[in-house]
Amino acid sequence: MKPNFIKIEELWRVASNGATMVKARRAMGLMGGTFNPIHYGHLVAAEAARDAFNLEQVIFIPSGQPPHKSGFYVADPEHRYLMTFLAIVSNQRFELSRVEIDRSGPSYTYDTVAYFHALDPSVDWYFITGADAILDIVTWRNPDSIFRHARLIAASRPGYSLQKIHELERQLGTEPLTRIHPLEVPALAISSSQIRARLREGLSIKYLVPEAVEHYIAKNDVYAVLKGSTAPS
Ligand code: NAP
């Protein structure tokens, strides 16, 4: 019987001094999101993905101009970038990229994964984001290119029906679906929209976001525009 803990396609066979050594492929995570603001759910999801998929590092990529956002307030990209920096700085396995912040125009994921794939095509790249965001992937620009260059990790809240992900098969076909990996993350009960709603109502966000992020929001009045507003947060 074949051992099921080594997937041969994920290994390189390297001949060395006549012996055959087996070297695992490197795997890295790309954590995409608007992070408006970043919260503990995002951090726990990134760490859970790192563990589950043996990722060397997870690179957080705050979107510059999110392509699908309308109808609610999105904080300035530099504020979202700095809040993400404050949230991840103490984890040696977390990194931060400005690639989408510095790119003009909408932040398309296919551009981002192609960029990282070109940096090192020998790495298995995993794009991590919310399961609900991935459900819309057929409406994203160039989804075929995303699947060519990366696998996707769909982080979901507890009780989320994975049936929704399976239904994507009709639109995408079978092969791309094998490249989407669902991951249930209980801490994703926290959401950015809930945090913005609390800020609008003047409620505490303590223990929902890292302390440094809480202080940054207060000191810079990042979501001041929401206070007392009746518009969707
Ligand atoms: P969104 O629609 O605001 O989020 C949908 C759900 O996913 C929300 O519940 C959200 O929770 C959650 N979520 C978002 N990012 C997450 C993450 N990294 N980990 C866990 N949960 C996450 O999604 P978005 O932030 O705008 O977009 C997510 C990613 O998809 C971004 O990288 C974006 O650039 C990409 N995207 C690309 C295209 C395109 O290429 N055309 C279109 C849309 C999105 P929170 O609100 O709590 O984060």
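Student: How many residues does the largest nonpolar core have?
Tutor: This is a predicted model. In soluble globular proteins, nonpolar side chains tend to be buried together. Leu30, Ala49, Tyr126, Phe127, Ile128 and Ala155 have the most contacts inside the largest core. The number of residues in that core is 46.

Student: Which residues does Phe127 touch, not counting those up to four places away in sequence?
Tutor: Phe127 is among the residues with the most contacts inside the largest nonpolar core. Leave out residues up to four places away in sequence, and Phe127 touches Leu30, Gly32, Thr109, Val113, Ile146, Ala150 and Leu152.

Student: What share of the residues in the protein chain is buried?
Tutor: A residue is buried if 20 or more other C-beta atoms lie within 10 Å of its own. The protein chain has 233 residues. Of these, the buried share is 31%.

Student: How many helices and strands does the protein chain have?
Tutor: Strand E3 covers 27–33, and helix H9 covers 192–200. Counted over the protein chain, there are 10 helices and eight strands.

Student: Which residues around the ligand are the closest?
Tutor: The shell around the ligand has 27 residues. Strand E3, helix H1 (40–52), strand E6 (124–130), helix H4 (131–135) and helix H9 each give two or more residues to this shell. The closest residues are Gly32, Gly33, Gly130, Trp140 and Ser192.

Student: By class, how many residues of the shell around the ligand are charged?
Tutor: The shell has 10 nonpolar residues and 14 polar ones. The number of charged residues in the shell is three.

Student: Why do the buried residues of H9 line one face of the helix?
Tutor: Ser192, Ile195, Arg196 and Leu199 are the buried residues in H9. Look down the axis of H9. The buried residues line one face because they fall within an arc of 100°.

Student: Which residue follows H9 with a positive phi?
Tutor: Its phi is near 75°. The residue after H9 with this positive phi is Gly202.

Student: Which peptide bond is cis, with omega near 0°?
Tutor: Most residues other than glycine have a negative phi, and most peptide bonds are trans. Look in the loop between E3 and H1, where Pro37 has its place. The cis bond runs from Asn36 to Pro37.

Student: What is the phi of Phe35?
Tutor: Phe35 is also in the loop between E3 and H1. With 23 other C-beta atoms within 10 Å, Phe35 is buried. Its phi is positive, in a residue other than glycine, and lies near 50°.

Student: What is the phi of Asn54?
Tutor: Asn54 is placed in the loop between H1 and strand E4 (58–62). It has 13 C-beta neighbours inside 10 Å, so it counts as partly exposed. The phi of Asn54 is positive, near 55°.

Student: How are the C-alpha atoms of Arg141 and Tyr108 separated, in Å?
Tutor: Arg141 is in the loop between H4 and helix H5 (143–149). It counts as exposed, with 12 C-beta neighbours inside 10 Å. Beyond four places in sequence, Arg141 touches Tyr108 and Tyr110. Arg141 and Tyr108 are 33 residues apart along the chain, yet the C-alpha separation is 6.8 Å.

Student: Is Thr139 buried or exposed?
Tutor: Thr139 is found in the loop between H4 and H5. From C-alpha to C-alpha, Thr139 and His68 are 9.6 Å apart in space. With 10 other C-beta atoms within 10 Å, Thr139 is exposed.

Technical notes: Residues numbered from 1 in each chain as written. Predicted model: local features only at pLDDT ≥ 70, side-chain atom pairs only at ≥ 80, totals over all residues. Near = placed C-beta within 6 Å. Helix = DSSP H or I, 4+ residues; strand = E, 2+ residues; numbered from the N terminus. Nonpolar A, V, L, I, M, F, W, Y, C, P; charged D, E, K, R; others polar. Arc of directions from axis to C-beta. Core = buried A, V, L, I, M, F, W, Y, C linked by C-beta atoms within 7 Å. Contact = placed C-beta atoms within 7 Å.
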